[in-house]
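Please walk me through this structure.

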Amino acid sequence: MASKIRLEDRECPVSTTLGHVGEWWTLPILHDCFDGYSRFDQFQENLKISTSMLTRRLKTLVASGLLERKPYQTNPVRHEYVLTDVGRSLRPVIIALAAWGNARLAPTDRSMILVDAITGQEVEPVLVDRATGRRVDSDGFVFAAGPAASAAFHNRYANTTATAPDTSSLQPGG
């Protein structure tokens, strides 16, 4: 899918991410993985997806490094698809998409909710800045050109400035 990204969009993290997960079936397959599904027949049964489409999507997810194909049976050889660390790192994206969708529904119309695994209480996920704990979905946060930005991105974000975060506390000895 990355080949569908325009050359000028390749430095945009939104565009490049969509190159990996922007095909319609990708997020439902990943969602199934987060729910514990790992086998071809499980995906097919749950999603009602055609064999050929599922085969293509799984190959793409493996090639993108989001899933890893591992044998679980030797005679005949059968494989399962497990999330890689990169694939697991998309869980907050799935959670945010579900929360966004649920926020537009009446509580009685929600077919899936996020709950605390211990208490069973429904939770409301939010995205916050690690350093300050402030929600980042407000006007107080804007995009800015980063250190590797091209002239086009510097022009696009000419009215915003960026400073590198203090990562000394995240490094050994910091």
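**Rings, charges and a helix contact**

Searching the whole structure turns up two aromatic pairs. Rings of Phe, Tyr and Trp (its six-membered ring) pair if their centres lie within 6.5 Å; planes under 30 degrees apart are stacked, over 60 edge-to-face, and the rest tilted. W24 and W25 have ring centres 4.8 Å apart and planes at 85°, so this pair is edge-to-face. W24 is exposed, at 61% relative accessibility. W25 is buried, at 19%. Buried means under 20% relative accessible area, exposed over 50%, and partly exposed in between (1.4 Å probe, protein chains only).

This is a predicted model: local features need pLDDT of at least 70, side-chain atom pairs count only at pLDDT 80 or more, and totals for chains, interfaces and linings use all residues. Residues are numbered from 1 along each chain as its sequence is written, and side-chain values use heavy atoms, leaving out hydrogens and water.

F153 and Y157 also pair edge-to-face, 5.8 Å centre to centre with 70° between the planes. F153 is buried at 13%, and Y157 is buried at 17%. R156 lies over the face of F153, 5.9 Å from the ring centre. The charged end of R39 sits over the ring of Y72, 3.7 Å from its centre. Such a charge (NZ of Lys or CZ of Arg) is within 6 Å of the ring centre and within 35 degrees of the ring normal.

Now the helices. The axes of α2 (residues 26–34) and α6 (residues 91–103) come within 10 Å and cross at roughly 110°. That makes α2 roughly perpendicular to α6 (65 to 115 degrees; under 35 is roughly parallel, over 145 roughly antiparallel, the rest oblique).

Terms used
Axes fitted to C-alpha atoms, helices over the stretch in contact; angles between N-to-C directions. Helix = DSSP H or I, 4+ residues; strand = E, 2+ residues; numbered from the N terminus.
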